[in-house]
Amino acid sequence: MMSVDNVEDVVGRQFPGGEFTVERWMAYLWADATRNDDDAFRHEEAAKEVGADAQLVPPEFGMHIAMEGSGAGIEGALEGLDIDWESGVFHGEQSFTFHQPLVVGETYSVTGEVADVEQKEKFDILSLDYEATDTQGNPAFRTQTRIIITH
Amino acid sequence: MKFQDITIGDTVAEKSFEDVPAKNMEIVTALMEDPNPIHFDRRATEQMGRPGLVNQGPINMSYMTQAALAVAESPTDLTSLEARFEENVFEGDDVLATATVDEKYEEDGEGYVNLGLLLEKADGTTAVTGTATVRLPKGESV
């Protein structure tokens with residue numbers, strides 16, 4: 001059974017949109033969980049020593065900022081799809097373009113959409129696009145996610 | 001590192017991450033509110049025929065990012081990052097992240113390097129491939 005019954009209903013779907021602010025503990029724990037020993041991701045003073053205005057957020061955490069800030073989260077992004085988590089859902093690709101470093105305390109406004117669905121015999125590939133701006137409306141980052149949904 | 005000290009083809013960083021821990025997958029699962037059971041439920045991975053919990057893509061990506069940033073003067077100099085997840089990394093695996101210079105160029109008076117990134121498992125399997133662009137200062141050679 002295909003996980004996407006009607007591609008036309010899914011592609012182009014806009015997420016609700018919203019905001020996300022990275023709190024200090026999120027960046028700190030993410031750095032710990034990824035074995036990142038750079039204290040610029042844990043302490044503001046260390047971040048300022050490397051030219052940042054505030055405690056830095058690990059760049060790949062931008063994926064979570066995008067998904068939650070878009071108002072959809074992971075499950076909302078998969079809405080409309082017949083997902084069987086037990087069959088296997090896998091992260092296929094992720095890409096970022098950073099216009100500024102990500103920092104703790106900044107509120108990012110995010111928009112996103114389902115950009116594409118590719119249907120294969122044994123799996124579908126879902127492409128999600130997100131764009132984030134900072135409080136001043138300046139571009140912060142853009143990210144694309146490709147998720148493989150087996151069936 | 002300085003822009004003029006970089007040569008195309010250089011391997012500029014290798015970072016080893018041994019015995020990938022399940023605990024860290026659980027932390028990332030909680031942080032991301034990720035319902036995918038492959039990251040925290042061994043019954044699910046067993047049913048799928050996997051040898052253990054699966055390391056999240058963003059964690060694997062972080063290992064490669066750390067290799068890329070080893071050449072930078074500051075994490076603020078990372079301008080792009082991408083990853084293609086080829087094979088699963090499982091709990092207990094040892095992996096090696098490598099950054100190699102693919103290209104260097106100048107733009108608006110600043111130096112940039114495009115790095116090829118690789119995350120390999122101990123048995124030589126390619127787990128993740130990717131690229132990163134890092135801005136490097138131009139100055140006197142060391």
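This is a predicted model: local features need pLDDT of at least 70, side-chain atom pairs count only at pLDDT 80 or more; totals for chains, interfaces and linings use all residues.
Residues are numbered from 1 along each chain as its sequence is written, chains are lettered from A and ligands numbered from 1 in the order in which they are written, and side-chain values use heavy atoms, with hydrogens and water left out. Local features need pLDDT of at least 70 and side-chain atom pairs count only at pLDDT 80 or more, whereas totals for chains, interfaces and linings use all residues.

The predictor assigns the complex an ipTM of 0.94 and a pTM of 0.93. Within chain B, β2(B) has the highest confidence, at 98, and α2(B) the lowest, at a mean of 94.

Chain A contains five helices and five strands; these are DSSP runs, numbered from the N terminus, with helices being H or I of at least four residues and strands E of at least two. Their order along the sequence is α-β-α-α-α-α-β-β-β-β. The C-alpha trace of chain A spans about 55 × 30 × 20 Å along its principal axes.

Chain A brings 36 residues to the contact and chain B brings 41, contact meaning heavy atoms within 4.5 Å. About 3200 Å² is buried between the two chains, and carbon and sulfur atoms give 64% of this area. Buried area is the accessible area (1.4 Å probe) that two parts lose on being put together, summed over both. On the chain B side, α1 (22–32), α2 (42–47), α3 (57–69) and β2 (78–85) each supply at least two of the residues that touch chain A.

Strand β2 of chain A (residues 89–98) runs antiparallel to β2(B), and five bridges join them; strands pair if DSSP finds at least two bridges between them. In this pairing, Gln94(A) stands opposite Ala83(B).

How many salt bridges cross the interface of chain B and chain A? The rule, a side-chain nitrogen of Lys or Arg within 4 Å of a carboxyl oxygen of Asp or Glu, finds zero there. Over all chains the count is 14. In chain A, Arg42(A) forms a salt bridge with Asp32(A), with the closest N and O atoms 2.8 Å apart. Arg42(A) lies in the loop between α2 (24–33) and α3 (44–49) of chain A and Asp32(A) in helix α2, so the pair ties together parts that are 10 residues apart in sequence.

Definitions and conventions: pLDDT is the predictor's confidence in each residue, from 0 to 100.
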